[in-house]
Amino acid sequence: MAGSGRRGPYSVLVISAHGVELSVGARLLMHDASFRVGPGDRIGLIGRNGAGKTTLFRALAGEIEMASGSLQRQGTLGYLPQDPATGNMYQHVRDRILSARELDVLVRKMRETQGAMASAVAETQTRAMRRYPRLEAQFLARGGWAAESEAARIAANLGIGEELLERELHTLSGGQRRRVELARILFSAPDVLLLDEPTNHLDADSIGWLRDFLASYQGGFIVISHDVDLLRASINQVLHLDANRAVLEVYSMGWDRYVKQRELDERRRRRERVNAEKKAASLQSQAEKMRAKATKAVAAQNMFRRAEKMLAETEGERRAERVANLRFPDPQPCGRVPLTAHELSKSYGSTEVFTGVDLAIDRGSRVVVLGLNGAGKTTLLRLLSGIEDPDTGAVTPGHGLKLGYYAQEHETLDTSATVLENMQTVAQSLTDTECRNVLGSFLFSGDDVAKPAGVLSGGEKTRLALAMLVVSSANVLLLDEPTNNLDPASREEILDALRTYQGAVVLVTHDVGAVTALGPERVMLLPDGDEDHWSEDYVDLIQLA
Ligand SMILES: Nc1ncnc2c1ncn2[C@@H]1O[C@H](COP(=O)(O)OP(=O)(O)OP(=O)(O)O)[C@@H](O)[C@H]1O
Ligand SMILES: [Mg+2]
């Protein structure tokens, strides 16, 4: 990337896509899609799970080929993928962010050169003295020390405080790493931002900050999001990817007008259809009468054809999006207290996450875990699930315990195994057909079950992980942000399932709707480990979590 600090005026056309066609395997995701992204274009890309939004981003970023069409790109691009990044995990967080403008390399070279300037060898010293001003000039051109504090400010706004900046990436949770990536990309101030569900791991404060940041962004951006508040506040264009027709519709308007416009379009189409049907019916009945007379047979034929054409030209009612149909089955019987945790403590390196946490999960009880970013909510679920061991204390299974764990990062999925194989590992008592049936109710049909889990879209991975929970007939569910990635319709489905589930649930979420659906009796506050009865007063805390 061109790392020249603040950009000049954003005057160039940045992305221009024309007649784009994208396919994966045998499935057409979109055809004949055209749009542009220039300075000041603030675009929201929406469409149901698996429609192909992420795939379009990958094509724009040059990661994959388009089946046809042309794509012109100028200027710099900052791309936040939907999955947490991998790469050098031993890098420091601060360096990772600064590397967006290659400042980390410059700072290191300047330090080395400073060392060499103190060298006893005259030649080394002279070379270093000549080199240093050049490095410093480059450093200043990219924002210098002010850039470092700018990076720290962006990071802080995204919930990455000073303490985290000094850590190495591998000590961070997946959600924290994703925030680091977001900070890095925003810090790089590219001509175009491509952000794939940037709010997934953010707390309410950070989401609010991001909303304002985007609303006043000088370059262009496309954001994929199901967060209506964010879309309403920040965008001035909508790209709707209609998965049923494989069409990308461009609406040059803000969110609220878009919603109204779509409703109007839908009504207009219905009206046109009704009119056309009426006219076609009367033409057909006329033609029917004329057909009998030999002299009018040709005219009758023409009238039939006109009626047909009329119907073909109006669009049928658009198919409603299919929605997963999920129910958590009745839990297996278990004792009165299926899961107990005693005096749990956990540290990563020198960072203590929490100490002395006690928890008893009664049969059928509902607990929400609240706490600020990094307070250890995911860690607690990992300890309860047995994936990770506590430093001190113990997790004790009660009589008949059957745990179901939904991991935020989908790490319970085997990405190289197929959808069906993943299912079979947790549902050994089910036949192939039964597995396929459950998967079908989670919208994995026919060929989909043969896909390796690694190629699934974000929402599809969530659906698969939930399907695997459903067949496990668990009596204690540990759910870590189960509504992330889901389109609004699928989210409603899982909330419904949660509402009626009879087993015990331990829920971590920043989705107020999810907590309301659960109707918790208790709340556990981290990092202190205090427990309290649930009350409405805790609602504000959820969004901070
Ligand atoms: N290599 C592949 N082979 C087969 N199918 C694939 C492959 N890569 C992606 N897909 C499929 O392409 C479709 C589009 O995926 P994509 O990730 O672009 O969806 P999305 O709109 O971003 O969805 P979400 O909202 O869930 O993130 C999905 O059905 C996915 O399973
Ligand atoms: Mg996606």
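## Helix α1 and the three-stranded sheet

Helix α1 lies across β1 and β2 and runs at about 125° to β1. This is a predicted model, in which local features need pLDDT of at least 70, side-chain atom pairs count only at pLDDT 80 or more, and totals for chains, interfaces and linings use all residues. Residues are numbered from 1 along each chain as its sequence is written, with chains lettered from A and ligands numbered from 1 in the order in which they are written. Helices (H or I, at least four residues) and strands (E, at least two) are DSSP runs, numbered from the N terminus.

The open sheet has three strands in the order β2-β1-β4 with antiparallel pairing, where pairing requires at least two DSSP bridges between two strands. Its edge strands, β2 (27-37) and β4 (68-73), each pair on one side only. Strand β1 (residues 15-24) pairs with β4 over five bridges, and His18 stands opposite Ser70 in β4.

## Packing of α3 and α4

Helix α3 (residues 103-117) packs against helix α4 (residues 122-141) at an angle of about 155°, with the axes 8 Å apart; angles run from 0 to 180 degrees between N-to-C directions, and axes are lines fitted to C-alpha atoms, for helices over the stretch in contact. The two helices α3 and α4 are therefore roughly antiparallel to each other (angles over 145 degrees; under 35 counts as roughly parallel, 65 to 115 as roughly perpendicular and the rest as oblique).

Among the 20 residues around ligand 1, Lys53, Thr54, Thr55, Ser457 and Gly459 come nearest (C-beta atom, placed from the backbone, within 6 Å). Helices α1 (53-60) and α15 (458-471) each supply at least two residues of this shell.

How values were computed:
Two residues are in contact if their C-beta atoms, placed from the backbone, lie within 7 Å.
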